[in-house]
Protein chains: 2
Amino acid sequence: MEGTTGAPAADDSGAAPVRSVRLRAPYLLFLGEEASPLKAKTAFGLRDWAPERCLAQLRMPGCGVDLGLPDLAPRAAAQAGARALVIGVTPPGGRIQTGWTAVLREAVEAGLDIVSGLHTPLESVPGLAEAARAAGVALVDVRRPPDDLPRATGRRRSGRRVLAVGTDCALGKKYTALALARAMRGAGVDADFRATGQTGVMIAGRGIAIDAVVADFIAGAAECIAPAAAPEHWDVIEGQGSLFHPAYAGVTLGLLHGAQADALVLCHDPVRRHLVSWPDYPVRGLRDAAGPYVEAARLTNPGARIAAVSLNTSALAEADALQALDDAARTLGVPAFDPLRTPADRVVASILS
Amino acid sequence: MEGTTGAPAADDSGAAPVRSVRLRAPYLLFLGEEASPLKAKTAFGLRDWAPERCLAQLRMPGCGVDLGLPDLAPRAAAQAGARALVIGVTPPGGRIQTGWTAVLREAVEAGLDIVSGLHTPLESVPGLAEAARAAGVALVDVRRPPDDLPRATGRRRSGRRVLAVGTDCALGKKYTALALARAMRGAGVDADFRATGQTGVMIAGRGIAIDAVVADFIAGAAECIAPAAAPEHWDVIEGQGSLFHPAYAGVTLGLLHGAQADALVLCHDPVRRHLVSWPDYPVRGLRDAAGPYVEAARLTNPGARIAAVSLNTSALAEADALQALDDAARTLGVPAFDPLRTPADRVVASILS
């Protein structure tokens, strides 16, 4: 922040400017020649969480994945109303395959944007950038942040917010936020899922992969992801990383500060003993994790509280899972649920209370 | 960190790879036509803190600043041994002035690298990139991080480290680290200043402007800035931001985790009531600030402790300053100093103890 301690951008409304990646829908979900559904998590996530954005699937010879959507070629999909081809699979190395070039160019020439969360920049696919310019469509690498992100203002903004936080990465924060947004809307609450990771951005059709922004702008990006809204509106914000992660805690804290969350949902895996891929780091228990999250959140929202626990009980049998949920609820004195296993109604009530 | 929870890069030594911006010395300090010494803080900082790296100054007509160094034109400076021209002034808007183009090209043609911390990319100066390629010299924007920074491993590494932390930005963390490194070397300790901001990088001749790295790599960059070293070696690491800053705390926490500091020196301004440019945010007192810093630091170094306080007493008369230092020392039970006003010996002893 050297030389950058000047005032944040003036903004009479008190709200951060709305800057975000935005995707056109509906999507043609591209599955390539992927043989394994395990490598098509993005496509299945889109089908399950944004069905209204998913028009059709495009499978190449040898593809063993089926989303149960109509199979359409790019031109037919465009004629049926598709606006973007979304790469829904993750091949080895997370790279765009050379065998895809022809079909991606065909999609561009049919008037479809191309949306990718893979590491290979779409601009690097031979001829694709030129074809996109000629066709007037966009090549969207969803991990690339918007330009000109602002620094966080720290000013309180209207609307209410709940953020999923966790004791580690990869234990269900995105799924928790999606399930809560759906349950809150089902309960008649004006709620939106707010995406902070690449798959979430594809599901929501907007958002920012916050771990890809420049460090000075983490909290500012979070203010853009969940901007000022109507007083009774709820943003349900996808969390990232963990405050107790030796590599990613900076991202988590910046997101926590920029989110200005009223309510936190603490996500935890009761059988995980060490951080995934960081075996030197034990996973904190719920009680040891809750305090630091609330203390940090109160810097930008003095009313912040832990409203619920979300447990990933996928490794447990039913009886053990229910016992773990009871234990978690008793430990923190808030409702606990597993979005894959138990209803969200008591958690929603706790968030709204 | 989505899709990035895989193991950090394998590294048998347990040390992070040494990745850093590196600058060739000695420098020709470029002062342009700057009229005010206040706009030449970078040049004065280099003269005061890295005299062995400063060979000469280059002043254009109208320049009202004098560093007391010989005035040399680029070719004469190169013949005298200079390796780089360093832009030592900050003109309005932090931009490279169009009137500088000719002299910057002259420096490149004389075989000097160009080093800049301004916002204008050196590559954008007309003809400069081509001239640099032809002359085989480097254009170094010190705010641009090295490529391929690793994610933090979180693995303990050899050597000892002290990090300057603070209750706000812009209250003397860089100056504190520089003064401590100098005092420790004066006491016969094998110590190096480690830079995390652009001016610090110019002074040290290496380092990373950590607020400019991608969010996922903040702690990883800190591991590179202060890599594994001899067991008795001390890195004195420049701090950034504040754990209690609504815009920058993510940078501060990632740096704190990656630094794996044994000792923290808490920097504070006893008369500052609110964060600079963030008037909604009061400055924390020393006692309220110390606990969260130590708790966060202990994630990656369980032995982390507050070793001293550094007070910026520039706004106080001598007697009030000494009283403020006494109060601060009593509050935290550690030595307190003002590097501009009082000796560092007791602080150094506390860090080494």
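Author: Let us begin with a single residue, bearing in mind that this is a predicted model. A:Asp148 is found in the loop that joins strand S6 (139-141) to strand S7 (160-166) of chain A, and its phi is near 60°, which is a positive value in a residue other than glycine.

Reader: Which peptide bond of chain A is cis, and where is A:Pro26 placed?

Author: The bond that runs from A:Ala25 to A:Pro26 is cis, with omega near 0°, and A:Pro26 sits in the loop between strand S1 (21-22) and strand S2 (27-32) of chain A. In chain B, the bond from B:Ala25 to B:Pro26 is cis, with omega near 0°, and B:Pro26 belongs to the loop between strand S1 (21-22) and strand S2 (27-32) of that chain.

Reader: What is the order of the strands in the open sheet of chain B?

Author: Strands of a sheet pair through backbone hydrogen bonds, in either a parallel or an antiparallel sense. In chain B, six strands form an open sheet in the order S8-S10-S7-S11-S14-S15, with parallel pairing. Strand S8 (191-194) and strand S15 (336-337) of chain B each have a single partner strand and stand at the edges, so one side of each is left without a neighbour in the sheet. Within the sheet, S7 (residues 160-166) and S10 (residues 234-237) of chain B pair over four bridges, and B:Arg160 stands opposite B:Trp234 in S10(B). Helix H8 (residues 249-259) of chain B lies across S7, S10 and strand S11 (263-268), running at about 165° to S7(B).

Reader: Into which domains is chain A divided, and how many salt bridges does the rule find across their interface?

Author: The size of an interface is often given as the accessible area lost when the parts come together. Chain A is divided into domain 1 (27-141) and domain 2 (160-352), which bury about 940 Å² between them, 66% of it on carbon and sulfur atoms. In this interface 13 residues of domain 1 of chain A are in contact with ten residues of domain 2 of chain A, and the rule finds zero salt bridges across it.

Reader: Where in chain A does pLDDT stay under 50?

Author: Where pLDDT is low, the predicted coordinates should not be read in detail. In chain A, pLDDT stays under 50 over residues 3-7 and over residues 9-16, while the mean pLDDT of the chain is 94. For the complex, the predictor gives an ipTM of 0.94 and a pTM of 0.94.

Methods: Residues numbered from 1 in each chain as written. Chains lettered and ligands numbered in written order. Predicted model: local features only at pLDDT ≥ 70, side-chain atom pairs only at ≥ 80, totals over all residues. Heavy atoms only, no water. Pairing = 2+ DSSP bridges. Helix = DSSP H or I, 4+ residues; strand = E, 2+ residues; numbered from the N terminus. Contact = heavy atoms within 4.5 Å. Axes fitted to C-alpha atoms, helices over the stretch in contact; angles between N-to-C directions. pLDDT = per-residue confidence, 0-100. Domains from an automatic or database assignment. Buried area = accessible area lost by both parts, 1.4 Å probe. Salt bridge = Lys/Arg side-chain N within 4 Å of Asp/Glu carboxyl O.
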